[in-house]
Amino acid sequence: MRAVRISVIKIKITTFFITRRQTTTSLSTSSPLALATFSDSFLLSFVSVAKSLSLSLHTAIQFISSTALLQMASSALICDTQPWKDLKVHVEHIKKTHLRDLMNDTGRCNAMMVKFDGIVLDYSRQCATLDTFDKLFKLAEAAHLKQKINSMFSGERINSTENRSVLHVALRASKDSVINSDGKNVVPDVWQVLDKIRDFSERVRSGSWVGATGKALKDVIAIGIGGSFLGPLFVHTALQTDPETIECARGRQLRFLANVDPIDVARNIKGLNPETTLVVVVSKTFTTAETMLNARTLREWISFALGPEAVAKHMVAVSTNLTLVEKFGIDPNNAFAFWDWVGGRYSVCSAVGVLPLSLQYGFSVIEKFLKGASSIDQHFYSTPLEKNIPVLLGLLSVWNVSFLGYPARAILPYSQALEKLAPHIQQVSMESNGKGVSIDGVALPFEAGEIDFGEPGTNGQHSFYQLIHQGRVIPCDFIGVVKSQQPVYLKDEVVNNHDELMSNVFAQPDALAYGKTPEQLLTENVAHNLIPHKTFSGNRPSLSLLLPSLNAYNIGQLLAIYEHRIAVEGFIWGINSFDQWGVELGKSLASQVRKQLHASRKKGEPVEGFNFSTTAMLTRYLEASADVPSDPSTLLPKI
């Protein structure tokens, strides 16, 4: 009987694989290999567990087959594939070319421009030919890129180390969309939270929800760290100077408290009245050390001024741990949920970002932001690779990092409204792809991940562009905007302020690509001793993104472009872009130091259990701060 049952299961799995092979041209592995992945006893145990969870045999078999499929797709390192090897040969040819010559090929340049929904991408100033991209598309096929994109959108648990789906695309999906996780459409749950945010934010903004003393809550402090801070801050900063949102936010303030440094607390509460302040505490588990200490600090600030009972009217939560939310003093009805398939750095489109941003600008504005992101989601999912903006950007990053050997990327938005874009993308990219092993735990024998930094133009030109032009080669993303949020025109000026800004957007990529030769300098009668100093080698890659404007919709588009670009890089490299184990060790060691500081402050115990260097530094710190009371009364910032 047991043998018959195993045979039935294996036949069904084989059928599943045959079906998948007919619809997935990139899958060349045979089904017997998949069956070898699982022992007979495992198959029976799995089906038994599935039955206990009320899953049908069909659903269980689909899951186990998909798991085998993903294992097969990722078991080999991408560097062992023929397309990778072909690119390694090809890059030696590219190193002998120069962008001065490549840019003379107008057919090539025209082929390297893509337009979608008002956005223009020009990647002609990359050190690459059309043949390079043919080879990169073959690499994408070898990495099963399209299959991995489909797996993400269909809710498969592609974050294998945490056994989670990756569904930030569901956060901005339309109400009629169907996006499943574990067989359940999550879109209705998403919109239940969004509707709750719409209702709550409108009540606060209209004055129907008031504070403990009856005053309207016009100021908001959002407490969170990492993705709970950098993403929402980027969007808030970008929206602040948009004419539409200025009117929506008139008379209101939104601040973000992230750092556990008490100076950040002081700066956030400076000039605010607890009577008119609403605090949003963002912590999925309600246990994040820095966030909860800051939350307790602001709870004390409110309680000291208004009494402990005021907390329920002045503090709300974005969390799934309703027990700890209530224990903290926040009404669980004022907790806004998000899900384990939302990674922190991808959470700006969840209640993490939507709640504080809606309180500041109104839900209707933020809904436009979500629609902009959704526009790129659909483009990423359905557009062929050759015209797919996030895919092209991701392939270029892999090309620059792993083949040309350029590990860094400069993000250069020529709009002051985008000043927080680079810090946010820095986290999304470096936390996602800063990995040294494959998704299967195999050490990578090649470089992966990018070092991201940036600054708005033209400020960056007077900061680090010297290095970009004449020092290390750093591929650059130039981001320009056709229409300024705040145009300025002065009579008798040669150009208006925005045209002056945009002059640099168009000039800098050419300066990097073409450079300036010693021969050109000689014709300009430059002194011989200065020629080496004034020579620009050129051949420095960049790409340009041109946005039509910078409204909520466009900001959503820009965010999603970078999110999906980073996912493409990880899919190609064969790493898990959706976990972040690298942040855990430092936090674990910090807890040991915290215990030592407590023991030394409270009980006078000596520093023990650390290496010599750490012991010496801790001892010096404790001795130099001996005036800190061992049993202090509550003390809040005095700014």
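Helices here are DSSP runs of H or I of at least four residues and strands are runs of E of at least two, both numbered from the N terminus. The model is predicted, so that local features need pLDDT of at least 70 and side-chain atom pairs count only at pLDDT 80 or more, while totals for chains, interfaces and linings use all residues. Residues are numbered from 1 along each chain as its sequence is written, and side-chain values use heavy atoms, with hydrogens and water left out.

Backbone stops

Start by selecting threonine 458, which sits in the loop between β11 (451-454) and α21 (465-470); the bond that joins glycine 457 to threonine 458 is a cis peptide bond, with omega about 10 degrees. Aspartate 492 is exposed, with a relative accessible area of 73% (buried means under 20%, exposed over 50% and partly exposed in between, with a 1.4 Å probe and protein chains only). Then select asparagine 539, found in the loop between α24 (531-534) and β13 (542-547); asparagine 539 is a residue other than glycine whose phi is positive, near 60 degrees. As background to these stops, most residues other than glycine have a negative phi, and most peptide bonds are trans.

A cavity is a set of points, on a 1 Å grid over the protein atoms alone, where a 1.4 Å probe fits but cannot get out, and its lining residues have an atom within 4 Å of a point. Grid points are joined across faces, edges and corners, and a volume is the space filled by probe spheres set on the points. By this rule there are two cavities of 30 Å³ or more.

For the largest cavity, which holds about 60 Å³ of space, select Gln126, Ser397, Asn400, Ala408, Arg409, Glu450, Pro475, Cys476, Asp477, Leu543 and Arg565, the residues that line it. At least two residues of this lining come from each of α19 (389-403), β10 (408-413) and β12 (476-481). By class, the lining has four nonpolar, three polar and four charged residues, where Ala, Val, Leu, Ile, Met, Phe, Trp, Tyr, Cys and Pro count as nonpolar, Asp, Glu, Lys and Arg as charged, and the others, Gly among them, as polar.

Finish at the second largest cavity, with about 30 Å³ of space, by selecting Leu171, Val190, Val193, Leu194, Trp339, Cys349, Ser350 and Ala351, which line it. Helix α10 (residues 187-206) gives the largest share of this lining, three residues, and the lining divides into seven nonpolar, one polar and no charged residues.

Conventions: On a 1 Å grid over the protein atoms alone, a cavity is a set of points where a 1.4 Å probe fits but cannot get out, and a pocket is an open set with protein on both sides within 12 Å along at least five of seven lines; lining residues have an atom within 4 Å of a point.
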